[in-house]
Amino acid sequence: MSSAAGAPSDGGGDRPWQSYHTAYTNGKAGMEGVDKEKVQKVIYEMSKGSKYFENEQKKEAITKQKIEHLRAQCAKLNDNDISHFQKVAEKKILELEASRDLSKIWLHTDMDAFYAAVEILENPSLKGKPLAVGSMSMIATASYEARKFGVRAAMPGFIGCKLCPDLVFVRPNFERYTHYSELARKVFQRYDPNFFATSLDEAYLNITEVCIERGITGEEVASELRGAIHQETGLTCSVGVAPNRMIAKVCSDINKPNGQFILPNERDAVTTFVSTLPIRKIGGIGKVTEQMLHQVLGITTCQQMLQKAAFLCALFSEGSTDFFLSVGLGLGGTETPEHRLRKSMSCERTFSATNDYSLQFEKLDNLAENLADDLQKECLKGRTLTLKLKTAAFEVRTRAATAQSYISSKEDILICAKKLLKAELPLSLRLMGLRMSHLCGEKDDPTIPTQKTLDRFFRLSDNNSNVNRTNGASSNDASGGDDCNIGATTKDECLIHDAVTDISSDQHTFFSNDENIFVPEERSSVNYDNEVVSSNLLTCDDLGGTKLDGNTSNSKVTQSEKFDDLSHFTSCKASASSSKPNQQFWVDGYICSLCGFELPPCFEEERQEHSDFHLAELLQQEEALDSSGHLTKERLAERQSTTPTPKKKLKSSKEGKHIPIDSFFLKHNKKL
Ligand code: DCP
Ligand code: CA
Ligand code: CA
């Protein structure tokens, strides 16, 4: 049946870069005219041979396998099966159609090239220049001038330089972005007091009331709001208006930068809109899902989901099918979501790759203690513990176990975690993480009266029947049971965790955005240090991103220093826990605890890239110290996990000479 499903063949051959897709080969607004193949080739050439690259290849291979598997399943469907699934699909479509709500007007607003625009506002001499905010390791965003060269967020800076030799670098300055974000939010508040922000630079506003009260259209609100934002912040934003949030978000990207797009609240307008809309534009459809749907069923546009509905029903879980069909119908969230309760809590730690059991168990002990502390601080207990491991070869595995009772003590967590880890050994590891989900408040613990000890539970279930195994090799059980049902409450931002879940989404589930929506007041809990920031302009010549132009204060550490220095923490949550200096986690589910990078909910792949580059930076630091003979690998790891490193002085450009990530990895791998 694969011909009926319309699977195309994939490229590759003598141009291997054509099939090398990372998060940063995917286009963003302002990259329409870019020579995609040239960019892909540069990225391919510059990362080829690194462990990171190998892992990307491995993930691709797994995706391919899954595609083959799905194709085979598809081919097995006979006419009876297809007509059965056709009926199932039609019923489902009718149900979904009946839920269509065209009574609300949603507005999605997103600042243009946010960090870059703020930097230009503060330093007008940057205007018109190709600008990257970030460092040689990682670019947070690029100005529209730089995007023309293929430079974009999540891309390592040295690749950006290769693509655009005149690229100017500015170090990120998070207080600035928070300040401008707050100014913008004051404007949002006037149009919808219950607006909800999904990141520093974007928000959803239900403007139904304001339109009715003032007798104005969505289009008028959009123009007015954009004008107000510009007047009050000096920045531009782009806006989308539509009957639901999923579509409004897509619309805000259409006329970017400094534009708006309005989709009327009419069924026909919506269905016409989705008839040509590429599926990748939808939040929740990432690279892997896109590849699967395209290569197995030939689906590239949202509406084709409806044409292939029977196959979707046959091949995917009910939850995924519902999501795909909603996308096909152009349906999305219309009610203001209640502030969602925390669904999980996690912590993780990156370290130099080690196969030393005692060191690994020591790290686990530490993680269990941190997790127990965090849970107890919020008076929470949980039932499902997930262990995340990243091997020396960058393979990510997650292993989960669900206990019969709610737990929060270090001892209980450790019993479970040790069991999960033991089952995986021997392994050389570079990262470990623990996540507790299935949470409940201490007071609500339904198991308290009859609570059994975890120890007993795990002794009883000494086989692996309660262990959900989710790694790249085990494709079909990737749903991971209770662990992967995250995000299903808001379809417009949900991730799909079922048979289509792949190794990369497996990696992401750990950080899944349980708290991907936050109310405006909560921002104050992320309190970036109030430090004076000096001029932070850099050029490509300052390889290594270490030389600062202009004045730098000796007594104050700038945000920009912190960006490259993993020994510092930029979020209050991180700095408050000095006992866990190199532990990376996402504050509020989307802000990197190590550098303050903001990776909005839908940036699943970028998030993974981001973690990998922190790892690379850490290893690079280690490499530098190793070669100077000051510290051994073990001692460095030890030092980083116990003592806060003294504030790093700015290096001279010579000292800070950047090691390209590929050669760095090659070098490092030899030592493993
Ligand atoms: N960001 C980041 N790392 C990423 C993506 C984004 O640090 N991988 C930060 C920098 C961005 C900000 O978040 O300025 C907002 O992200 P957007 O995706 O909205 O990108 P921009 O606002 O920069 O550009 P656009 O005009 O495309 O919205
Ligand atoms: Ca933006
Ligand atoms: Ca954004």
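1. Along the chain, the donors of the calcium ion (ligand 3) follow the spacing D-x90-D-E. Donors here are N, O and S atoms within 2.8 Å of the metal, or 3.2 Å for Na, K and Ca; water is not among the atoms, so sites may look incomplete. The residues that coordinate this ion are D110 (OD), D201 (OD), D201 (OD) and E202 (OE), at 2.2 to 3.2 Å.

2. A word on the basis of this note. This is a predicted model, in which local features need pLDDT of at least 70 and side-chain atom pairs count only at pLDDT 80 or more, while totals for chains, interfaces and linings use all residues. Residues are numbered from 1 along each chain as its sequence is written, chains are lettered from A and ligands numbered from 1 in the order in which they are written, and side-chain values use heavy atoms, with hydrogens and water left out.

3. What coordinates the calcium ion (ligand 2)? D110 (OD), M111 (O) and D201 (OD) do, at 2.1 to 2.2 Å. The spacing of these donors along the chain is D-M-x89-D. The arrangement around this ion is octahedral because its 6 donor atoms subtend angles of 78 to 173 degrees. Six donors count as octahedral if opposite donors are over 155 degrees apart and all others between 65 and 115. For comparison, ideal angles for six octahedral donors are 90 or 180 degrees.

4. Buried means under 20% relative accessible area, exposed over 50%, and partly exposed in between, with a 1.4 Å probe and protein chains only. D110 and M111 are both buried. D201 has a relative accessible area of 11% and is buried; E202, at 5%, also counts as buried.

5. For the protein as a whole, there are 25 helices and 16 strands. Helices (H or I, at least four residues) and strands (E, at least two) are DSSP runs, numbered from the N terminus. Of the 672 residues, 61% count as buried. The protein exposes about 26600 Å², of which carbon and sulfur atoms supply 51%; these areas come from the Shrake-Rupley method with a 1.4 Å probe, and for residues only the protein chains shown count as cover. Among contacts with a separation of 6 or more, 73% are between residues 24 or more positions apart, where contact means heavy atoms within 4.5 Å.

6. Helix α8 covers residues 174-191, which is 18 residues. From its first C-alpha to its last it reaches 26 Å, close to the 26 Å expected at 1.5 Å a residue; the expected span is 1.5 Å times one less than the number of residues. Buried residues of α8 include F174, Y177, Y180, S181, A184, V187, F188 and Y191. As background, an α-helix has 3.6 residues a turn, so residues three or four places apart point the same way.

7. Strands β10 (residues 380-391) and β11 run antiparallel and are joined by 8 bridges; two strands pair if DSSP finds at least two bridges between them. One bridge partner to look up is R397 in β11, which pairs with L389. The two strands form a hairpin with 4 residues between them, and F394 in the turn has a positive phi of about 70 degrees. Is β11 (residues 396-407) enclosed or open? Strand β11 is largely enclosed by the rest of the structure, because 11 of its 12 residues are buried.

8. Strand β12 (residues 429-441) holds S437, which counts as buried at 7% relative accessibility. S437 and L385 are 52 residues apart in sequence, yet 6.5 Å apart in space, C-alpha to C-alpha. H438 is also placed in β12. Its phi is near 60 degrees, a positive value in a residue other than glycine, and H438 is partly exposed at 34%.

9. Some backbone details deserve a look, since most residues other than glycine have a negative phi, and most peptide bonds are trans. K256 and P257 are joined by a cis peptide bond with omega about -10 degrees. P257 lies in the loop between α11 (245-252) and β8 (260-262). N258 is in the loop between α11 and β8, with phi near 55 degrees and a relative accessible area of 43%, so it is partly exposed. Another cis peptide bond joins L425 and P426, with omega about 0 degrees; P426 is in the loop between α18 (410-422) and β12.

Terms used: Four donors count as tetrahedral if all angles lie between 85 and 135 degrees; four count as square planar and six as octahedral if opposite donors are over 155 degrees apart and all others between 65 and 115; anything else is irregular.
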